[in-house]
Amino acid sequence: MLSNLINGQVLRETILFAFIGLVILTLIPFGSVTPFPFAFAAIGMFALAIIAGLLFGEPRQAGWVFSIALFLLVVLTAWTFVQTIELPANWLANPAWSAARDLAGVQYAAISVEPADTLASVLWVALPFVTFLTGLVLCDTDQRARKVLTSLGLTAGGIAVFSLIQFSMFPNILIVIEKHAYLDSLTAVFVNRNTAATFLGLGTLLMLTLVRDIARSYSNHPPGEPGRNVLLLRVWVYILLLCACFTALMLSRSRAGIFATFVAALIYFPWLVISWNNSRRHMRQTPRWWSIVKLLSAMTFVVLLLSMFAGQAILRAQQRRLEDDDRFCILPGILRAISDHWVTGTGLGTFRTVFSAYRDPACGIFGIFDRAHNFYLEGFLGLGILFPIAALVAFSVLARVFWRGLAQRRRLRHYVLLGLAATVLVALHAAVDFSLQIPGFAVFFAAFLSAIVAISLARNGGEAERQYVPPVNSR
């Protein structure tokens, strides 16, 4: 029995290692926006999901979250498929097909105006869902969940260091190719600076957490014992990676990304300051006024960081007013398109085709909008009323998970706050950009959420892994 348990743990660790590696590989080639890296990521993640599901089954601690996520995936996939098929008597068919029949004699009619593109878009939706489900299965303990978060944080720090070196020495190069857009901004491994800002903002929060954990370990490590110098070295390495993530975020010059990160920091950083000594080793009751002072000091520190280091983004905001931003100019056209197709949608992945008929000529002739620069509006336009319902369910589930985590966790409660702050960051930025539609970042965030959910819902505090205890023979 002991050997079987050990073999099972080794197998799970091996699959977890492959899972983390695949998430990192999905990030690096420009966020896997091109077909070959995306196909590789999708095949690899689906294979891992099947293997993990067959070997380990549904997670015990987060089983209800797993079931809801799987249900959402099935519903969204089924509806996307319905959008591509020809329904009897042209029922719910897009009016564009009637015009196509009159002009070109086309006999096909479906909800989607581009059934092939809609069907191909199913994989883009399924990949982050499958990543999240696989992460829930593999993160069965706090130790494994924290291993995933540590790996993601160090990956973000490493990418930030690489990006800073490349941006300072080769500003016209993006990884290995010539850079054609955003030459004045750091875009990390992505093409778009806004996606880079979302990723680096999340990386900053992750590295802040790792710095906190390693600093606590170092302070609790008795002087003179072996390993203290190694901990000190790790403290400085983590601090350098944190600074790299923050510096790279500022150099992205993304107004929305920087703002969303500081909103998240206002949620997360004060909590870290207040609860720094909240452990069994430090059980002294601190005065309430001192906690308020620390809270206000932490919030002031975050605001000062924003005013000191976000100068480039603030300057862009001053030079280019919001009403001059093309994203806001096209907003009325997107709303008109949604109002015409709010029940069924126009088909997933059809924004570029549909929006051309609604674009305001006053917005100018420059620029082709492949995406709406608003995750929620584009989802609503593509999927219809089903999308806001699915989004509401997803946010409700996360809210319940965070509430339970805050109520039940003690030692790892800051990870629950990390998940809440990161969700606020990504949700805010998704209202003006399309980071969640980039496969690499979507997979990264899904893996992050799976580990956070596993920690938040751990049973019995989840402070340690279950250990095998051999039976004692009674006489």
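This is a predicted model: local features need pLDDT of at least 70, side-chain atom pairs count only at pLDDT 80 or more; totals for chains, interfaces and linings use all residues.
**Entry 1: D213 and its partner.** I looked up what D213 pairs with and found a salt bridge to R146, with the closest N and O atoms 3.7 Å apart. D213 sits in helix α8 and R146 in helix α7, so this pair ties together parts that are 67 residues apart in sequence. R146 is partly exposed, at a relative accessible area of 25%.

**Entry 2: the other bridges.** How many salt bridges does the structure hold? I noted nine. One of them joins D140 to R12, and here the closest N and O atoms are 3.5 Å apart. The two come from distant parts of the chain, 128 residues apart: D140 is in the loop between α6 (122-138) and α7 (142-169), while R12 is in helix α1. Both D140 and R12 are buried.

Next I checked K147 and E13, whose side chains meet in a salt bridge at 2.7 Å, N to O. K147 belongs to helix α7 and E13 to helix α1, so the pair ties together parts 134 residues apart in sequence. K147 is partly exposed, with a relative accessible area of 33%. E13 is partly exposed too, with 24%.

Then I asked myself which residues are linked in a network of salt bridges. My list reads R12, E13, D140, R144 and K147.

**Entry 3: α16 against α17.** I moved on to helix α16 (residues 375-383) and helix α17 (residues 386-408), whose axes come within 7 Å and cross at roughly 130°. That makes α16 oblique to α17. Which residues meet here? From α16 I wrote down F375, Y376, G379, F380 and L383, and from α17 L386, F387, P388 and F395. Sorting the residues of this contact gave me eight nonpolar, one polar and no charged.

**Entry 4: positive phi.** Most residues other than glycine have a negative phi, and I wanted to look at exceptions. S32 is not a glycine, yet its phi is positive, about 55°. I found S32 in the loop between α1 (2-27) and α2 (35-56). Is S32 buried or exposed? Its relative accessible area is 1%, so S32 is buried.

A188 also went into my notes, with a positive phi near 55° in a residue other than glycine. A188 lies in the loop between β2 (177-178) and α8 (193-220). With a relative accessible area of 4%, A188 is buried.

Definitions and conventions
Residues are numbered from 1 along each chain as its sequence is written. Side-chain values use heavy atoms; hydrogens and water are left out. Helices (H or I, at least four residues) and strands (E, at least two) are DSSP runs, numbered from the N terminus. Buried means under 20% relative accessible area, exposed over 50%, partly exposed in between (1.4 Å probe, protein chains only). Axes are lines fitted to C-alpha atoms, for helices over the stretch in contact, and angles run from 0 to 180 degrees between N-to-C directions. Angles under 35 degrees count as roughly parallel, over 145 as roughly antiparallel, 65 to 115 as roughly perpendicular and the rest as oblique. Contact means heavy atoms within 4.5 Å. Ala, Val, Leu, Ile, Met, Phe, Trp, Tyr, Cys and Pro count as nonpolar, Asp, Glu, Lys and Arg as charged, and the others, Gly among them, as polar. A salt bridge is a side-chain nitrogen of Lys or Arg within 4 Å of a carboxyl oxygen of Asp or Glu.
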